[in-house]
Amino acid sequence: MAITAQDVNKLRQMTGAGMMDCKKALQEADGDFEQAVDILRKQGQKVAAKRADNAVSEGTVLVKISADGTNGKLVALACETEPVSNVEDFKNLAQSILDKAVADDIADKDALLAATLEDGRPVSEHIVDLVGKLGEKLEITSYENVTADQVVPYIHSNGKLGVLVAFDGVNGTDVNELGKDVAMQIAAMKPIALDKDGVDSATVEREIEVGKEQARAEGKPEAMLEKIAQGKLQKFYKDNTLLNQEFVKDSSLTIRQLLEKTAKGLTVKSFKRIAIGG
């Protein structure tokens, strides 16, 4: 049957797909709109399968803090190239995903992918549809949901890195400025844990072995290797755990000391740092 420009435009409005893709889908479906929509979705699935192993190093990180400041949600939607990250449909989908996470107080990434948007279809299907339209792999690379006495967010100027800092023991103290400083510290210094006891045992064992090997290579006696390695481990904790790091804006203070100086009993309950492309 003859496919009119009005038919093509109608399908385009329904799906957001390109004009030529819509025309081909309608021709293949003999003008049946529902079948044409299915064809376009299958095209998205084919593109997604073909590009499944591609790296996603561009995209956007979005954050939302609850009105009372006690909950924060952070989501990263990634793509392959910068131009796609600037496409309106990509940005709109990212915002819709975050809005859904907030509206339903979604706990984790799996639940977010399964959550349904306004048309009743899950987020995962909307991502595949947009893959078919944009021709690139798209992926929710990270999703974080944090609750505490007060949660402070930070989004880096490139829009590809975000941090949530969860404070307990606030007791009426305004921690917004402090929170931004701590969040920027996390963004720049990439701590792997809050404190020493948060570092996994495999990492600790690896650092001790590395310390021993370095000392051995320097000709230190075997009897001294363990002590030297333990000293290097303490340096590792100082560099890589948030509370033990030097505050970048005042190296005379650790983050732990900065918190104690700000308010008695103030603590960082947890933090989340997510980044696209590194």
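Mentor: In helix α9, Thr 203, Val 204, Glu 207, Ile 208, Gly 211, Lys 212, Gln 214, Ala 215 and Arg 216 meet Leu 225, Glu 226, Ile 228, Ala 229, Gln 230, Lys 232, Leu 233, Phe 236 and Tyr 237 of α10, contact being heavy atoms within 4.5 Å. These residues divide into nine nonpolar, four polar and five charged. The model is predicted: local features need pLDDT of at least 70, side-chain atom pairs 80 or more, while totals for chains, interfaces and linings use all residues. Residues are numbered from 1 along each chain as its sequence is written, and side-chain values use heavy atoms, without hydrogens or water.

Trainee: Why are α9 and α10 called oblique to each other?

Mentor: Helix α9 (residues 201-217) and helix α10 (residues 225-240) pack at about 125°, with axes 8 Å apart. Roughly parallel requires under 35 degrees, roughly antiparallel over 145 and roughly perpendicular 65 to 115, the rest being oblique. The pair is therefore oblique.

Trainee: What makes α5 roughly antiparallel to α7?

Mentor: The axes of α5 (residues 88-103) and α7 (residues 123-134) cross at roughly 175° and come within 11 Å. That angle therefore makes the two helices roughly antiparallel. Their contact has seven nonpolar, one polar and two charged residues.

Trainee: How do you know whether Thr 60 is buried or exposed?

Mentor: Thr 60 lies in strand β1 (residues 58-65). Its relative accessible area is 16%, so Thr 60 is buried (under 20%; exposed is over 50%, partly exposed in between, with a 1.4 Å probe and protein chains only). Beyond neighbours within four places in sequence, its contacts include Val 75, Phe 90 and Ile 276.

Note on methods. Helix = DSSP H or I, 4+ residues; strand = E, 2+ residues; numbered from the N terminus. Axes fitted to C-alpha atoms, helices over the stretch in contact; angles between N-to-C directions. Nonpolar A, V, L, I, M, F, W, Y, C, P; charged D, E, K, R; others polar.
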